[in-house]
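Please load the model and keep the selection tool at hand.

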Amino acid sequence: MDRRDFLRLAGAAGLAVVTAPLGARAQEADGPFWIFVHASGGWDPTSLCDPKGRRDEMQENPLNMYFTDDIGEAGNIRYAPVAWNHEFFQKHYRRTLVLNGVDTQTNNHDAGMRHTWSGRLSEGYPALAALIAGVHSPRSPMSFITNGGYDLTNGLVAPTRTGNIGVIHRIAHPNAIDGNPEGSKFHTPATMSRIQDALTERQSWLERTFALPKAKHAIGQLYGARTGRNDVQRLSEFLPSQFEGAPLKRQAQVALAAFRAGIGRCANLTIGGFDTHGDHDNQHFPRLAELMQGVDYIWDEAERQQIADKLVVVVGSDFGRTPGYNEGDGKDHWSITSVLVMGAGVPGNRVIGTTDEHHVPIEVDPATLREKPGAGIRIRPQHIHRALRRLAGIADADLVLRRYPLDDSEDLPLFG
Amino acid sequence: MRRSERRLLPWTLLLVLGCGENQPDEGGGANGGDDCVSDMQFFREKVSQPVLERICSNCHNPQGAARDSKLVLAAAGETGYLQTNFETLKEVASFEKEGESIILLKPTAQIDHGGAQQIEVDSEQYDALVEMVERFRNPVTCDDGGDLSLIDKVQVLDLPATLRKAKVQILGELPTADELETVATGGQQAFDGLIHDYLAREPFYGVLKRWFNDRLHTDKYLGGERAVSLLPEDQYPRRTYYREIPEDTEEGRLTRRHTNDAVAREPLELIAYIVRHDKPFTDVLTADYTVVNPFSARAFGLQVQFENPNDPNEFHEARIQGYPHAGLLTSPMFLNRFPTTETNRNRHRSRMVWKLFLATDILKKAEQPVDPTRIKDHNPTMHNPQCTICHAQLDPLAGAFMNFDTQGRYDRRDEGWYIDMRPPGFGEETVPADEWGRALQWAAKKLAADEKFALAAVHTVYTGLVGRPPLENPTDPSDPAFASKRAFYDMEEAFLDRTKKVFIESGYNLKSIVPEVVRSPFYRAQSALQLDDAEQQVLEPLGTMRLLTPEELDAKLVAVLGQPWKRRAGDRDQLLHGEEYRFFYGGIDSDQVLERVTEPNGIMANIALRMANEMSCFTVPRDFTRDRAERLLFPHVEVGFLPEDRNGFAVPEAEEAIRRNIRYLHYRLLGEVLTPGHPEEEATFQLFVQTWREGLALVANDQASPELHGACHATREYETDAELPEGHRVYRDGAYTIRAWMAVVTYLLADWRFIYHQ
């Protein structure tokens, strides 16, 4: 009996043979899908959704140069009258939950990024995007798309990085000479199938030959990646014909096409340039505008892809920036920040958490979320992650409870 | 000296005993034996974690209440903290009162102790300190290398296989038959000699630069004028001299590219130069020169004599007049890649020097929560413990960069450094005022003399070869895998420490590290069949099995197929070009994307398969254009060798040649030695035969062309794209053997063994 015959018989006998779960794709296409947008470098919430401003031109050491009278409002959300905030919040306030006064407990970039996106200040926890993808769609070929930022996976899921989308057809159809599935092939379909069978049959021999834990893991990685290989073809069906110039929008296009194709679950999108230690307003506001235009685009594109009702978008940064300008008109690192959460299951037009005139958080009652100075708690990334995990339906997953429990922080009703 | 009778954690025992605790004692004196527990092991298991870290370090730390005492402990997890604290405790333990060490008297409050009583007499912690004091008085050492005994149970690659692996990785070439024979007969000494020779060859320096760029990321500035534009124009008025050459000419384009890229790679080229010329690696920080090629010399305004003024690969030492060179630290590229601001005051630069060259990530200390909203101190970086925990170490070296401004310009500060910061220096030492003008040179010498500098160099080479950085010291005893992680960490640390000593003894010759690593089981581990579950858990990190990076896969294709992934030499390299598969396949751009993807996903699996398809298409027909003796892939067959005759009967001679070639391909492409009749040979043979049969029938029924697809035609030279003579062109395949061989080569190129390190 040759090896292929053995596998056929094994399959017929009901023995375990690794294949992609048949129902997986349909389930994944149902969402919800998650996009995490990272403003890299530490954004300034007082220039966005936690506005302070200055009374007049005589005010010394103001937090911002705009005037308090100019602070905008969209529903219950107040925003700084700079950058592209007005356009963004007027359009999206109904789906936006603002979390202000979030204490990252650090002013170190690495630690802040880790805390914001893993819910833990110390090292070792995967990004929430990887955790959700790892629980819900570990074998999906683009389950976790990352464009940088904090993207530790701990092996829960293979991260996918994107490049020039122009080559995606060639990637999707590796046996098609020019990437056209209807065109000429390197090998006949029967031969290609024969090659893939032969590759599959080598797995057990390889595992015997390289009998080290790491080798077995590595062999399993490759064979696992191959199981969802053909699904990549679906991505090319949903990619737009024109790609946007702005990097954040382009990242969104790929992520949303992968979601629509049923091969993606979560994506990390990143935009840099927020670490404005000098000339803050002139350097920071254009980046904020590009960020908010990018988030706006996410929703437009999600509508076009018909998945907006299944999408959750979380926007955050390493930490905040100091309440006031330094000698170079810049702003340095400040541990207090804000987070925006939008989309499916998120009660919008709402602000939770406040800060005082120096951008110091005012404690909140963990039950009512109302201000409770001196007797309440500070909102920390752990609280947000606890709520996000619940929203994502992974809070009670064995993997999450066993390997990545959050600390004993309170369970805040952030999403109602 | 004496031997300990104490037993420690099970893993420690296992590692020490190696062959089991019932082995007869062949200790031969004080050093070694089956129950030997070294002083350092005892310190780590019984004293450091349970006593010093849990109790003493709360006050006895550089910022703590007992910071002015003799017992100031380094934080757990800091590089070398165990050794540091061991030495510190040993020194303090030597102070006695009435014959009793003060490390027994103070924490038990038998004499005055600022922190009052912390430990009960006769408690477990006290007993541990008692034995530690005894060990300081009468040291216990164990057999050198005992810590590696578990790893020694692992089956490693033999020397010829190791040579193949190392040569492909270091040079991007397969070993020759002579080299394999030399190693097979000459053993370790012959192996070392060959590795030594490889390290003298130029491709190694390309690999070396990649290893270091993965840390420095100065390749961000390659291309365009990205690097040149960062040179301050007032200091380098000739930086864009090439603009005098019309840029629409080949000379203009090349001159600009060679200039910019030599400036961009100044730090990496300096590293390569130092290693190539067997200079002490400490020159990386202390050299009073930089290196330039004929193009960057002009941009820097330097007069240097070159053998070939048009050779971009000819680098020479050079000194910029009045510039206080301190190796790569004063390179404008280093200073720009790790920029600073008016308020940052070079702290970022300091942090990166600690991280890159002293194997210490200072900001790991900042993982404890800080709350700047409650800090009310005047000048908190000087006075608030939440801040000083990092700044005490960070700021002196930041000050040493005092003469380099935010743009990396040399701008001497004769007025000195900020008075609200710690003075420029390194560690406990301060830059003397008369050295301020060359503060960084002063600090560089101190840095290079620190043993952590040698360790950092070992880490970089080890990471490059093994494919992962050394494990960090586990510090969380509540982690269920703590003991096994610690056990592996100990083995690895012991190896790295020994390698560091070899490196230092070699006069800091970086090449000395490579043979140590490639000889080691950390590089050669292949299999382990006799381990129980617990042992397997300890050895989980062992082995070099990982996905090849785009650069490594590219080099491997060149090694085995004679060309990278592209049809013709003038085409884009599919794995390395940013507009092709480089980023999809996990590569970096040294700018926004700094971490490589090491776990394959569906996209990467498809790219690997496409690579296998395209490369078999490009190279199989081309190999048949060559005379058999010159072929890389098919030295044992011709296209006319058919496994069966027209009646379906086997043709034994042809079948044997085909099988022989299959075994050859398994070895050439995968490094896999198959004996005749091996099941893997049979599997590949069946793939060949079944593909051939299928194709032959399709051709006979006009369902397949007797010609190869145009993309696979071998009618032109790879390098020159010149047309081949008619008799050498290969494009017809009426017998369908070429396509059957293409299927075989696709199969092997897509295999785990090809696209992964083993």
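**A loop residue in chain B**

Select B:Asn403, which lies in the loop between helix H16 (385-400) and strand E6 (425-426) of chain B; helices (H or I, at least four residues) and strands (E, at least two) are DSSP runs, numbered from the N terminus. The model is predicted, and in it local features need pLDDT of at least 70, side-chain atom pairs count only at pLDDT 80 or more, and totals for chains, interfaces and linings use all residues. Residues are numbered from 1 along each chain as its sequence is written, while chains are lettered from A and ligands numbered from 1 in the order in which they are written.

Is B:Asn403 buried or exposed? B:Asn403 is buried, because 21 other C-beta atoms lie within 10 Å; a residue counts as buried if 20 or more other C-beta atoms lie within 10 Å of its own, as exposed if 12 or fewer do, and as partly exposed in between, with C-beta atoms placed from the backbone.

Next, display the residues that B:Asn403 touches, leaving out those up to four places away in sequence: B:Tyr410, B:Asp411, B:Arg412, B:Arg413, B:Gly437, B:Ala439 and B:Leu440. Here two residues are in contact if their C-beta atoms, placed from the backbone, lie within 7 Å. For a distance across the chain, pick B:Met352: its C-alpha atom is 17 Å from that of B:Asn403, and the two residues are 51 apart along the chain.

**Chain B as a whole**

Zoom out to chain B, which contains 28 helices and ten strands. Along the principal axes, its C-alpha atoms fill a box of roughly 100 × 75 × 50 Å. Of the 758 residues in chain B, 47% are buried. Among contacts in chain B with a separation of 6 or more, 65% are between residues 24 or more positions apart.

Now colour chain B by domain: domain 1 (10-142), domain 2 (159-201 + 452-545), domain 3 (203-318), domain 4 (338-449) and domain 5 (550-757). These bounds come from an automatic or database domain assignment.

**Domains 3 and 4 of chain B**

Keep domain 3 and domain 4 of chain B in view; their centres, taken over C-alpha atoms, are 28 Å apart. Eight residues of domain 3 of chain B are in contact with ten residues of domain 4 of chain B. On the domain 3 side of this contact, helix H8 (202-216) and helix H11 (283-286) of chain B each supply at least two residues. That side has four nonpolar, three polar and one charged residues. In this classification, Ala, Val, Leu, Ile, Met, Phe, Trp, Tyr, Cys and Pro are nonpolar, Asp, Glu, Lys and Arg are charged, and the others, Gly among them, are polar.

**Where chain B meets chain A**

Show both chains: 66 residues of chain B are in contact with 72 residues of chain A. On the chain B side, strand E8 (525-527), helix H24 (602-623), helix H26 (679-700) and helix H27 (737-749) each supply at least two residues. Which element of chain B gives the most to this side? H24(B) does, with ten residues. By class, the chain B side divides into 32 nonpolar, 21 polar and 13 charged residues.

**The sheet of chain A**

Go to strand E1 (residues 33-39) of chain A: seven of its seven residues are buried, so the strand is largely enclosed by the rest of the structure. A:Phe33, A:Ile35, A:Val37 and A:Ala39 lie on one side of E1(A), and A:Trp34, A:Phe36 and A:His38 on the other.

E1(A) pairs in the parallel sense with strand E8 (residues 311-317) of chain A over seven bridges. In E8(A), A:Val315 stands opposite A:Val37, and A:Val312 is the bridge partner of A:Trp34. E1(A) is also joined by six bridges to strand E7 (residues 264-271) of chain A, again in parallel; there A:Asn268 stands opposite A:Phe36.

Finally, move to E8(A), where seven of the seven residues are buried, so this strand too is largely enclosed by the rest of the structure. Four bridges join E8(A) to strand E11 (residues 336-343) of chain A, and these two run antiparallel. The bridge partner of A:Val313 in E11(A) is A:Met342.

Note on methods. Pairing = 2+ DSSP bridges.
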